[in-house]
Amino acid sequence: MPSESDITQLLEDAGRGNQRAADELLESVYEEIREMAANALRRERSCHTLQATALVHEAYLKLVDQTRVDWKGATHFKAVAAKAMSRVLIDHARSKNREKRGGNWRKVTLHDAFALAKTNDLDMICLHEAMEKMRKLDKRQHQVVELRLFGGLTSDEAAKILHVSSRTVDRDWKMGQVWLRREMNEGASADE
Amino acid sequence: MSDRYQQAKDLFLKVCDLKPSERAAILDKECVDDPDLRAEVESLLAHRDAPTVSLEFDSSLESQPISNPDDGPKRTHIGSYRVIHELGKGGMGVVYLAVSDDKIKHRVAIKVVKRGMDTEQVLQRFELERQLLSAMNHPGIARFIDAGQTEDGLPYLVMEYVEGQPIDEYCNVRRLDINERLVIFRKVCAAVHYAHQNLVVHRDLKPSNIIVSPDGEPKLLDFGIAKLLNPELSIIKGDPTAPEFRVMTPEYASPEQVRGYPLTTVSDVYSLGVLLYELMSGHRPYHLRSRVQAEIVRAICEDVPEKPSTSISRVESTRDSTAPGTTATVTPESVSKERESRPEKLKKLLAGDIDNIVLMAMRKEPQRRYSSAEQLSDDIGRHLDGLPVISCGDSLSYRFNKFVHRHRMGVAAALVIALSLMGGIIGTTWQAQIAANERDIAQQAQADEIKQRQLAETERAKADRRFDQVRSLANTFMYDFHDAIVKLEGSIPARQLLVTTALEYLDNLAQEVGDNVELKRELASAYDHVGQIRMSIRNPSVGDISGALENYRKGLGLRQELLTASPKDQILSFEVSVSRLHIADMLMLTGDSTEAVAEYREVMRLRELLLSLDSKWKRHYSLSINALGKALLNIGKIKEAKKYYFEYLAISEELAAETPGDIILQRDLSIAYFRIAGRLARVGDNQGALDFYLRALGIRKILLEKDPDTGRAKRDLASAHLFLSQTYVALNNMEAATEHCQQCISIYKKRVLDSPKAVRPQFNLALGLYMSGNIDFQIGNWEQARTSYLEFNSVIEPLSNSRPKITKYRQYLAVSFSSLGDVAVETDDPNGAISDYRKALEIFESLVAKDPDDVRWPSQRARAQLKIGSTLLLFDDFVEARSLLLSAQETFASLLKTQAEDVEIRGGVVTALKQLAKLSAKQNKIREAQQYVQDALLLLDDAPELFETTELRKELNADLDRYRNENN
């Protein structure tokens, strides 16, 4: 498990443009967030009361030595964490599905089947697919949505990370939300 | 594509914050020649304006509003509507009059649901319902406009605001006579019928929900809203002071509604009947003096209402509907005056047709009511025209017509049933409570001598009703409806719902059966059927073995009880054997083979006994020894199994010989040969399989000669050739395999030419091509194999694409990719192989995802994983290889638990373990490799008979030796 200073160091190196540090940072943060999310899900059995953005913030407080990092580093961290978070969520949803159709497919009781249908795992997978589709259509908008949705970045923070105006971020965010909503609703209705 | 996207995005952002009218102006201008662009932007706008819950949890950075028990703040705005004033408070929340913020200033009624109701669920239910509700566009139905969530998190519904008076008040104040009332009532029926055709059930029809405009046009409020706000509305919770209870107006609720059973369109017909009762007579059908739940339920479910023409003589004090809180006395005179009539004249007007129509609409048993609001309205129409009406006295002869009624309800009703099931109207505990209450009441009443006779009547009526219920349940739900959806892909969740609901009825009924023999018998069959839905060998089933077992056992218990009472009843004895057969099937699946064999033996014993009494049981006896044989094979008693197989065959042949001219029996015999052959092939006895396929071929040749013009005979013959070809491949006789394969292909090709548009011949041809590829592959003619597989692929791919729902096509499309992958491996193109295999895997993944409960796909998927994993070993891609191989091994191992005799599945685990060993060895984990091989060998030892002829054991032993040497 990476220590606070490791992560902070990686963050600083990545900030200076070190690609390897950036990759390593993402991996470390991914591991960390996965762990935290798993704990959170265990704690609150109501599955997706898991607040992605709150978790990212918590991770920041836990992993980064705030005395050594300025706002830029903090924003950078959150951007990385947003990416990690989206991966964690989709992995979680997928692994639950895998479990569902894997070894214990016979044992799913009627009751469980309903409970499963209620969780947002399918939504999560739809969301992931929609996000992938968006990435192909409009890369920047995808980044904006990822940062805001999973990392909880404000539009100013996202603007600074992406080197665009916050008005552009707002436009992308507005379009992105509506587009996602439509994509997911239609995906759901087309499914039968 | 991306440019189009930017174009739409720019335009969307330009107009999205504008008012609708301004939006339209800009869209008109910008999309003059580009309707697609406009459609895209409008679709985005629709989603901007739509409420959504799907992203709720992600954007939850803002703190959640804390629930507060009050009705909330004074509201000035709700969504994009400005609140004018409060219209009223109800059990569900507050209703406001509001206007839309745009120029048009529509007046709307907004219902804000009060705190304490689960917001998320209301909105989710809304998402399901909104399409149905917003599709309703009828002048007699208040339009449903929108829904959303207030800033403080309460769900609200926006509906057309309707001005006027409730229908009862309207009629009374204007002193409408009976015919005028009937005319308005028919308009109500028309609106209700329209909604039913749109699959929406009102569930809460009552005068206050039917507003008549000053010019006499009724409009129905709150269609489908009852369900939206509270899917359990139909169920009265234990506490009669609970808000749900007060919300529901029990006077208008149907028996099925107060009992918490699923509601259908005819539940609304019932409520219409009560409404008509009241409009006609000025009285309500039941004297609901108390609000005690059991009392209400009893009255609604058991009391026979007075005829409307009789009820007008009653003198009652009721709450005055025009002045809340006060009471009014209703007398024959006051009622008649409100109808521009005199008591004697009114009585005459109502007696006969009107009485019959009202009481038919209000029948306790849904299937005996009018089958639709339209039918009710038509009957009133006939009365108004002076024609004879279809309703008539409540006579026993109706009981024989109810099945006809059931069918008239048709598919729409069945769908509505399903939809209400989806809404989750389930209330076991409550139902049990009702049952208990009923019993309590019954016991009290026994003390009373006069009541005792009534009670006997009631009990009989109850038994009759229950009998009807189990019938209509078993037939409509479990047979018609279930059978209609059983072959649909992905229907398992719906069937699961049917099962749970059905079971609640059944368990409920089981408590009350008493000594009604007929009912017990029905009940036992119903349990049997539910069991088959849960787990059956023939049809796709839910896969819930232990649940099914429980059902079968319950059915068996009932049947055995009955048999003890009448031990000479052959049918009963047979039914007991059927229950046992099913139980044995389940035990086989759970791996309790020894127990299963014991059950099968009992089945055989019972049927042997039957056979000694009457030769008509011969066929059933033969089926029982067939099943026993299969089970014996499973526990390794192969010799005994073979004995039964041959006895089974002997009887089938005997039966066919008894009526030699009978084509169907002959064909059945050929199918029996097929089954046995398949069975033998499955356990590796290809020589035995060949023998039986040849016999089947012989029969089918004769059948074709007898009947040369039918497609079926040709198809049957071709499939015999196909399977013979496959068997010869397994026996390594390529010459014979080729010959049969060509025969089969030539028949199929001709059939494709004969009917180029038919799908089935194409599919069969594809299978022939697949076989042809397999033969070349076996010989080592890689290129020819590839050509056949490609042809196979090119036939199956369009089939699969044009009919994506048919899993069989997708399955064989995957098989075609997988076969091409096999050729690629052999021709040293591992990259190509992996890419082909991945295509196959993707399809199998999607099949698994689509229907996780179907047993066939996991093993196919595992096979694809095994192939990819094994090929990846060539590239030393250990990480992915290991994960795929482990996944395959796990899948096969879990399947093996229930299908121990299956060569392919057992072979699958063994191969996966073998490959895992290879992988471990490559990574120098020799000890681990040894362990894998040992595990594999143990698995082969578990079923020594199955693998006598395979090379696998030899290979594994060689591997083990090699790893041992490497370790030293």
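**Close-up views of chain B in a predicted model**

**View 1. Helix 15 (residues 353–361) of chain B packs against helix 16 (residues 373–384) of chain B at an angle of about 175 degrees, with the axes 11 Å apart.** Axes are lines fitted to C-alpha atoms, for helices over the stretch in contact, and angles run from 0 to 180 degrees between N-to-C directions. Because angles over 145 degrees count as roughly antiparallel, helix 15 of chain B and helix 16 of chain B are roughly antiparallel to each other. Helix 15 of chain B contributes D353(B), I354(B), I357(B) and A361(B) to the contact, and helix 16 of chain B contributes L376(B), D379(B), I380(B) and H383(B), where contact means heavy atoms within 4.5 Å. These residues divide into five nonpolar, one polar and two charged; Ala, Val, Leu, Ile, Met, Phe, Trp, Tyr, Cys and Pro count as nonpolar, Asp, Glu, Lys and Arg as charged, and the others, Gly among them, as polar.

The model is a predicted one, in which local features need pLDDT of at least 70 and side-chain atom pairs count only at pLDDT 80 or more, while totals for chains, interfaces and linings use all residues. Residues are numbered from 1 along each chain as its sequence is written, chains are lettered from A and ligands numbered from 1 in the order in which they are written, and side-chain values use heavy atoms, with hydrogens and water left out.

**View 2. Strand 6 (residues 155–160) of chain B pairs in the antiparallel sense with strand 4 (residues 107–113) of chain B over five bridges, and five bridges also join strand 5 (residues 144–149) of chain B to strand 6 of chain B in an antiparallel run.** Helices (H or I, at least four residues) and strands (E, at least two) are DSSP runs, numbered from the N terminus, and two strands pair if DSSP finds at least two bridges between them. V112(B) stands opposite Y156(B), E160(B) is the bridge partner of V108(B), and L157(B) is that of A147(B). The hairpin of strand 5 and strand 6 of chain B has five residues between the strands, and G153(B) takes a positive phi near 85 degrees there. Six of the seven residues of strand 4 of chain B are buried, as are five of the six in strand 6 of chain B, buried meaning under 20% relative accessible area with a 1.4 Å probe and protein chains only.

**View 3. Three strands of chain B form an open, antiparallel sheet in the order 7-8-9.** Strand 7 (165–166) and strand 9 (218–220) of chain B stand at the edges with a single partner strand each, so one side of each is left without a neighbour in the sheet. Strand 7 of chain B pairs with strand 8 (residues 210–212) of chain B over two bridges, and Q165(B) stands opposite V212(B). Helix 6 (residues 178–197) of chain B lies across strand 8 and strand 9 of chain B, running at about 35 degrees to strand 9 of chain B.

**View 4. Y600(B) and I796(B) have the most contacts inside the largest nonpolar core, which has 135 residues.** A nonpolar core is a set of buried Ala, Val, Leu, Ile, Met, Phe, Trp, Tyr and Cys residues joined through side-chain atoms within 4.5 Å. Leaving aside its neighbours within four places in sequence, Y600(B) is in contact with L581(B), A584(B), D585(B), M588(B), A627(B), L628(B) and A631(B).

Key. Parallel < 35°, antiparallel > 145°, perpendicular 65-115°, else oblique. Buried < 20%, exposed > 50% of the residue type's maximum accessible area, 1.4 Å probe, protein only.
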